[in-house]
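Subject: Handover of a structure and its findings

Dear colleague,

Please find below the structure that I am handing over to you.

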Amino acid sequence: MKLEGKFDYKKALILTPNRIQELESIFLKYCTSVSYDATTVADTEISFSSIDELLNYDNFQDRKIKELTVTGRQGRDRVVSCLFGTVGFTLLWGYDETCICRYSVLTVDIETTIRSDILTFLKKITAPAWIAGKFRFFGLLGCISLYAAPFLLFFGKNTVKDIDATSAIICILCSYCLIKSLKLIDKHILAKFFPPVVFLWGEEQVQYEKYDKTRKNIFWCVIVAIIVGIIVFYITNKLPQ
């Protein structure tokens with residue numbers, strides 16, 4: 001009997017050297033060898049000969065890893081593999097699947113334990129702010145603007161003939177500029193502060209710590225601003241008119 005299956009995970013992940021070593025030890029319970037294949041942000045494909053070579057990789061700029069496939073084999077046969085990265089296509093939110101796991105085993109007991117071991121591992125490496133990483137301005141505001149634009153265009157107009165060309169062009173240009181701005185904010189700000197998958201070694205560790213510190217500072221600034229606003233509002237309303 002041969003059982004083949006797959007499952008995915010949809011929360012943001014942080015992979016550290018210690019966690020990669022832990023994953024390898026899990027795979028070696030069911031396999032005799034583990035291999036590592038990566039794709040960089042420049043779409044260069046890399047095959048690492050060992051876990052040490054992977055963890056000593058500089059992971060810098062265009063060479064930064066965006067997808068990592070960890071494969072466990074029994075001889076030449078693939079037993080289990082995990083693909084880490086932003087796998088699914090998304091339009092309205094930050095990311096969909098962050099890990100897709102496939103396996104091919106001989107018994108139901110092995111299938112149960114291997115799924116349990118990997119899911120437990122994925123829960124351990126789940127990012128604390130994974131919900132915030134799902135948020136994207138384009139998904140929230142971009143689609144609203146697309147729906148609102150026709151209503152604004154037709155506001156006060158009875159027929160299509162009542163709409164002048166200048167108003168239509170301005171409306172289209174404003175919608176386009178808004179959508180482009182939102183996508184730039186999503187790509188260059190939110191995606192960096194709340195990445196779907198972080199491969200936390202090499203230069204990426206320095207960059208992540210910098211963004212993490214900035215994110216925490218912004219968070220506390222917002223909290224303080226809210227508290228101060230509430231206090232000022234309360235005092236203002238208590239003062240005699």
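The notes below go from the whole chain to single residues.

This is a predicted model, in which local features need pLDDT of at least 70 and side-chain atom pairs count only at pLDDT 80 or more, while totals for chains, interfaces and linings use all residues. Residues are numbered from 1 along each chain as its sequence is written, and side-chain values use heavy atoms, with hydrogens and water left out.

The protein chain has seven helices and eight strands; these are DSSP runs numbered from the N terminus, with helices (H or I) of at least four residues and strands (E) of at least two. Of its 241 residues, 37% count as buried. Here buried means under 20% relative accessible area, exposed over 50%, and partly exposed in between (1.4 Å probe, protein chains only). Among contacts (heavy atoms within 4.5 Å) between residues at least 6 apart in sequence, 68% join residues at least 24 apart. The accessible surface comes to about 15000 Å², and 63% of this belongs to carbon and sulfur atoms; such areas come from the Shrake-Rupley method with a 1.4 Å probe, and for residues only the protein chains shown count as cover.

The structure holds three aromatic pairs. Rings of Phe, Tyr and Trp (its six-membered ring) pair if their centres lie within 6.5 Å; planes under 30 degrees apart count as stacked, over 60 as edge-to-face and the rest as tilted. One of the pairs is F7 with Y103, which is tilted because the ring centres are 6.4 Å apart and the planes stand at 45 degrees. Since F7 lies in strand β1 (residues 3-9) and Y103 in strand β7 (residues 99-105), this pair ties together parts that are 96 residues apart in sequence. Both F7 and Y103 are buried. F48 and Y57 form an edge-to-face pair, because their ring centres are 5.5 Å apart and their planes are at 75 degrees. F48 counts as buried at 8% relative accessibility, and Y57 does so at 13%.

Y57 is also among the residues touched by T40, as are I46, D62 and R63, not counting residues up to four places away in sequence. T40 is found in strand β3 (residues 33-40) and, with 2% relative accessibility, counts as buried.

Finally, I218 is placed in helix α7 (residues 203-238) and counts as partly exposed because its relative accessibility is 45%.

Yours sincerely
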